[in-house]
Amino acid sequence: MKRLVVFIGFLLLLISPASAQVPDLRDLLPVGEASASGRMVQMIALLTVLSLAPGLLIMVTSFIRFAVAFSFLRSGLGLQTTPSNIVFISLALFMTFYVMAPTFDQAWRNGLKPLMDNQITEEQAYEKVSQPFREFMLDHVREKDLALFNDLAAARLTGVAVDDPNNVEMRVLIPSFMISELRRGFEIGFLVVLPFLVIDLIVATLTMSMGMMMLPPTVISLPFKALFFILIDGWNILVGGLIRSFF
């Protein structure tokens, strides 16, 4: 029992110096100064932006057009899980990096690198990073879509309609660019699906004329559509056309 009491006392002696080294919260957040709390708010905002970074990159890049076109391709071929989603997404991401490489390089040189070197402030870095993406979206957004969201912002959000596209706010430009990309993706998807639809109609007509009512036409048309896509070198044509649509 005495040994236990001595051991507990020894532990208390070790803990007391350590507890004395714990910093006071008032030293971390001085009264009347908002610098520390402001840094905490900035850190929380930075973590929030980093968690939303994949979605933000999808919204302001060419990824939407690629993903929609590949989805139409798989539907036109009649394949539900082949190629898998990870294959299509990976291919779309690499194509996006290829198309957006000049934009990423400009954002890094003008905004991120000077910020990391403490040459500019966060506000200046935001303007310099967002400017290349703004130029890219302005080059590919439809004027009709841009006018739609600009009018909605002026009417509902007490915004001011601007005549100069370079002064359009991001809350107006990003949704305008997204619906423009969705429209172009559906247009490309229609052109991709159309030849496969013709093959389905031909096969369905042949099976009906031969009296094979119980045989699904897709069972016969699937190998013909795959063979057709291979013979015309469809992957080369589709990927090349999608990338060239941005240049």
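A residue counts as buried when its relative accessible area is under 20%, as exposed when over 50%, and as partly exposed in between (1.4 Å probe, protein chains only). This is a predicted model, in which local features need pLDDT of at least 70, side-chain atom pairs count only at pLDDT 80 or more, and totals for chains, interfaces and linings use all residues. Residues are numbered from 1 along each chain as its sequence is written, and side-chain values use heavy atoms, with hydrogens and water left out.

Start with the whole protein chain. It has 11 helices and 0 strands; these are DSSP runs (helices H or I, at least four residues; strands E, at least two), numbered from the N terminus. Of its 247 residues, 27% are buried.

Next, colour the chain by pLDDT, the predictor's confidence in each residue, from 0 to 100. The average is 77, and 74% of the residues score at least 70. Select residues 4-8: pLDDT there is below 50, and the stretch has 0 contacts (heavy atoms within 4.5 Å) beyond near neighbours in sequence. Then select residues 10-23, where pLDDT stays under 50 and the model has 0 contacts beyond four places in sequence.

Now select residues 122-140, which form helix 7. From first C-alpha to last, its 19 residues reach 28 Å, close to the expected 27 Å, a span taken as 1.5 Å times one less than the number of residues.

Centre on Q131. Helix 7 has a kink of about 30 degrees here, shortly before the proline P132; the bend is the angle between axes fitted to the seven residues ending there and the seven starting there. Finally, show the side chains of the buried residues in helix 7, among them P132, F133, F136 and M137.
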